[in-house]
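Biologist: Let us go through the labels on this model. I want each one set against its definition.

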Amino acid sequence: MPKKEFAKGTVNQTEKIFLQDSSKTDQSGLVGLVAPASNLNPPVPSAFTTSSTGGTLAPGTYYFRLTSTNALGESLPSAEVSIVVPAGTNTNSITANWATAATATGYKLYGRLQNGELFIVAVGAVTTYTDTGSITPSGVIPTLSAVGLVCYYIRQNASASVAVPLVNSVLGTYQSGGFVAVPNMPGVYELGIPNAAIAAGANSVVLEIYGATNLSPYPMEIQLDATDNQNAVNGGMTSLPNAAAGSAGGLDTPIAAAGLAQAGGANTITLAAGAIATDNYYRGATVEIFSGTGAGQARIITSYVGATKVATLGRNWAVQPDNTSVYAVRAEVGAAVNDSLQVVASTVAGAVTTDVSATVGTIATGVTEIAGDTDTIITNQGSQATATALATAQTGITEIAGDTDALMAGVAATATPANVATALANSGVTAARMQLLDAAVGTWSRSGNVITMHTVDNAHVFTATFDDITNPLTCTVVQVS
């Protein structure tokens, strides 16, 4: 089975696969390949020493490299070591020393020319060897190049594989088909994957490289994803905004701020030092404690001081937070509020233009309906309609929807509260009596100039006969039963 990798058809970084946008010339990326048969680390050289006896080496500077060996093959070379043989004699020798390498069962020594070391000797599981000069170096040191390597790829649903011409390249510089060793990483190579291999139009591509000594055939499958996990903003998905969440043009975020509280009070919390420094920036938002002291509580912020990061809340905490409390400020969307958390009139559709207080003092002209009023005519003198209240109510009220027992229910649409109040007053019906009457009456009806009133318990019936229903001046109230 091939080794499976995952990559975007244009950009990704997964394991040893590095791919970039194929639409950018010569930027397909690089892939590191592990050669299993030579996956050995070279030994690390330690101090080399010289002796003026025991050998045939002349004075001068000598260079050496070491490799590790085992049943799988040979490692890449170690770093180059140089040592100077002093003048004086031609009977010198050099002792090489090194540390053991994991999984190595033997070692090879190469020398003596700088950057041109040749094979001198192979030894077993030892860590020292003395070069007397008796062996003439021969045999090249293991090198890493594209010589002998073959690479092919086949894309999903393709009918044939495609050869990748391999060339020596410079590490870290992309070149299609480029092949180069990774220093200090034995058996790891860098391969430039052609743009065409990972272009759009396929979900996967399989590559295989083989042919080098000690390199087993190395297949791999690359899944060509449609996203870019190296894009921290939108993952390469064009349907998402190309801006950070919460910033201009980015996705909205329900969390306006979050962090570890600095302190807490009875009805305050000091937000983290990084919180916004603008006064009242978080006013109207909800702060919730998720962990630490006071976890599970939420309060509305009524004011906020940007300089101190202190948020004042609408009511006290049940458990006062402290510097262990982790919080989040949830962004709220709604009408603007003032310091008392009252809705600002200018933010309401069809802006509120008059003050509506708890006790309605005056109703402006033009009110045609008061829905749900079931027990009183508009009044500013208590819960019952009174003659005075009728007199002070403005003219122009034609209907009080849902009013089932108040005086206006049986009066013609053209009658005015002032006229009705005048007629009642002229007939000796006082304000006190009107309050009692209104409290007792259950239903009203009118026929001509006569209004019939039934008590709440239907035990009594009264009639009020007006001299003129459209412009009454007097009326006669009679208990019928």
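Biologist: Which residue in S12 does Thr-95 stand opposite?

Modeller: Thr-95 stands opposite Thr-130 in S12. This is a predicted model, where local features need pLDDT of at least 70, side-chain atom pairs count only at pLDDT 80 or more, and totals for chains, interfaces and linings use all residues. Residues are numbered from 1 along each chain as its sequence is written, and side-chain values use heavy atoms, with hydrogens and water left out.

Biologist: What makes strand S9 and S12 a pair?

Modeller: Two strands pair if DSSP finds at least two bridges between them. Strand S9 (residues 93–97) and S12 have 4 bridges, in the antiparallel sense. So they pair. Strands are DSSP runs (E, at least two residues; helices are H or I, at least four), numbered from the N terminus.

Biologist: Why are S5 and strand S12 called edge strands?

Modeller: The open sheet has 3 strands in the order S5-S9-S12, with antiparallel pairing. S5 and strand S12 (128–131) each pair on one side only.

Biologist: Why is the pair of Phe-48 and Phe-64 called tilted?

Modeller: Rings of Phe, Tyr and Trp (its six-membered ring) pair if their centres lie within 6.5 Å; planes under 30 degrees apart are stacked, over 60 edge-to-face, the rest tilted. Here the centres are 5.7 Å apart and the planes stand at 45 degrees, so the pair is tilted. The structure holds 5 aromatic pairs.

Biologist: How do you know whether Phe-48 is buried or exposed?

Modeller: Buried means under 20% relative accessible area, exposed over 50%, partly exposed in between (1.4 Å probe, protein chains only). Phe-48 has 12% relative accessibility, so Phe-48 counts as buried. Phe-64, at 1%, is buried too.
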